Protein chains: 2
Amino acid sequence: MQKKIVTISREFGSGGKTIGKTVAEKLGYKFYDAEVMDKVVKESGLSREIVERYDEYATYKNSLLYTIAITAGSNGYNGMSFASQVQIAQANVIKEIAEEGNCVIIGRGADYILRDREDCLHVFIRADMDFRANRVVSIYGETDKKIEDRIKDKDAKRRVYYRSFTMREWGDIANYDLMLNSAQIGIDKCADIICDVVRSAKSKEK
Amino acid sequence: MQKKIVTISREFGSGGKTIGKTVAEKLGYKFYDAEVMDKVVKESGLSREIVERYDEYATYKNSLLYTIAITAGSNGYNGMSFASQVQIAQANVIKEIAEEGNCVIIGRGADYILRDREDCLHVFIRADMDFRANRVVSIYGETDKKIEDRIKDKDAKRRVYYRSFTMREWGDIANYDLMLNSAQIGIDKCADIICDVVRSAKSKEK
């Protein structure tokens with residue numbers, strides 16, 4: 001049975017988003033990265049500012065705001081922190097997207113949210129540090145901060161975000177069906193392999 | 001640059017050995033699993049009994065023997081425990097095998113021993129528990145012990161063995177270039193993907 005949903009978790013700078021886009025194009029699937037947040041804004045009644053603040057790079061765990069941002073709004077989330085509201089709205093959006101099928105979803109704990117669906121392929125993209133450093137500088141340019149620190153900081157935020165609502169460890173091998181080191185395998189080849197697996201994957205081989 | 005060495009770490013029952021054999025056949029590579037131990041016996045001067053006792057499923061961490069088995073032999077390992085002697089001899093054999101190239105090596109921390117070689121592809125095979133349980137029963141039959149416990153026990157031994165001389169965590173995503181869930185992808189397809197990656201892998205993509 002061809003997998004209808006591909007979730008891609010990825011280390012920062014590994015090319016996971018690029019790989020996901022290529023996979024979506026090749027399979028004729030829809031691609032969701034920031035697009036998830038557009039839907040969250042539309043469906044939750046939360047402002048774009050709030051949704052973006054609590055998206056994947058949320059630093060709320062270190063933020064006073066997290067402690068005090070309990071709302072008494074009129075959107076059905078009374079008494080919840082904004083962080084929880086965004087997470088719940090995001091999980092609902094990801095479940096809706098999955099229900100439509102034929103999609104690639106980047107990050108945001110989608111592997112966890114959709115863990116009970118058998119039509120998903122859960123992918124993790126990692127890469128060696130020097131490969132990631134070169135890519136990040138060529139795409140985003142240099143800043144005052146050391147490149148390795150920028151990368152570790154982004155990964156740490158993804159890890160905290162993931163752990164905060166899944167109670168699982170980001171990058172734990174048990175959560176994925178396929179892990180690829182893009183530095184060794186190559187960005188294009190990673191996309192080819194994922195497409196190949198999607199097309200041929202069995203629902204449950206006994 | 002085609003990878004000359006494939007190391008395969010694997011969860012018990014995941015089909016990692018079968019996949020490795022198929023990969024070796026398809027690529028025309030030599031296959032090393034228990035064959036590593038034959039070479040260790042031949043080259044170390046240690047007895048087969050000792051070598052097998054301290055192979056991958058060694059239980060020496062819980063064994064009094066581990067504490068007292070310090071030898072004063074004449075094979076250049078004076079004063080070392082048998083466990084250490086076997087590990088060192090095994091690492092030397094694995095390095096020799098790698099030097100010859102064109103090989104598939106199963107388990108025994110080969111990914112760690114060969115971590116600095118750029119011509120290696122490090123693979124981890126995992127699988128869902130029900131898939132592994134069915135395979136183990138069909139291959140090895142039933143015993144008095146619950147099948148899940150047998151599987152967990154074997155994995156635990158591999159984990160302890162790996163940690164004991166690598167100081168790394170078995171199954172940590174950072175140690176591998178490719179991880180495949182054989183239950184979702186299928187045994188044959190896993191072998192195909194590994195061959196494909198070996199043939200096309202880049203030494204270091206920038």
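The largest cavity comes in at about 70 Å³. Keep in mind that this is a predicted model. Rolling a probe the size of a water molecule over the atoms is how empty space like this shows up. With a cut-off of 30 Å³ or more, the structure holds two cavities, so let's take them in turn.

Start with the largest one. In terms of secondary structure, β1 (5-10) and α8 (147-166) of chain A each put in at least two lining residues. The largest share belongs to α8(A), with three residues.

Now hop over to chain B. The second largest cavity has a volume of about 50 Å³. Its lining includes B:Ser9, B:Arg10 and B:Glu56, then B:Gly107, B:Arg108, B:Gly109 and B:Asp111. B:Arg158, B:Tyr161, B:Tyr162 and B:Trp170 are lining residues here as well.

Which elements of chain B each supply at least two residues of this lining? They are β1 (5-10) and α8 (147-166), and α8(B) gives the largest share, three residues. Sorted by type, the lining of the second largest cavity has three nonpolar, three polar and five charged residues.

Conventions. Residues numbered from 1 in each chain as written. Chains lettered and ligands numbered in written order. Predicted model: local features only at pLDDT ≥ 70, side-chain atom pairs only at ≥ 80, totals over all residues. Heavy atoms only, no water. 1 Å grid on protein atoms, 1.4 Å probe; cavity = no way out; pocket = protein on both sides within 12 Å on 5 of 7 lines; lining within 4 Å. Points joined across faces, edges and corners; volume = space filled by probe spheres on them. Helix = DSSP H or I, 4+ residues; strand = E, 2+ residues; numbered from the N terminus. Nonpolar A, V, L, I, M, F, W, Y, C, P; charged D, E, K, R; others polar.
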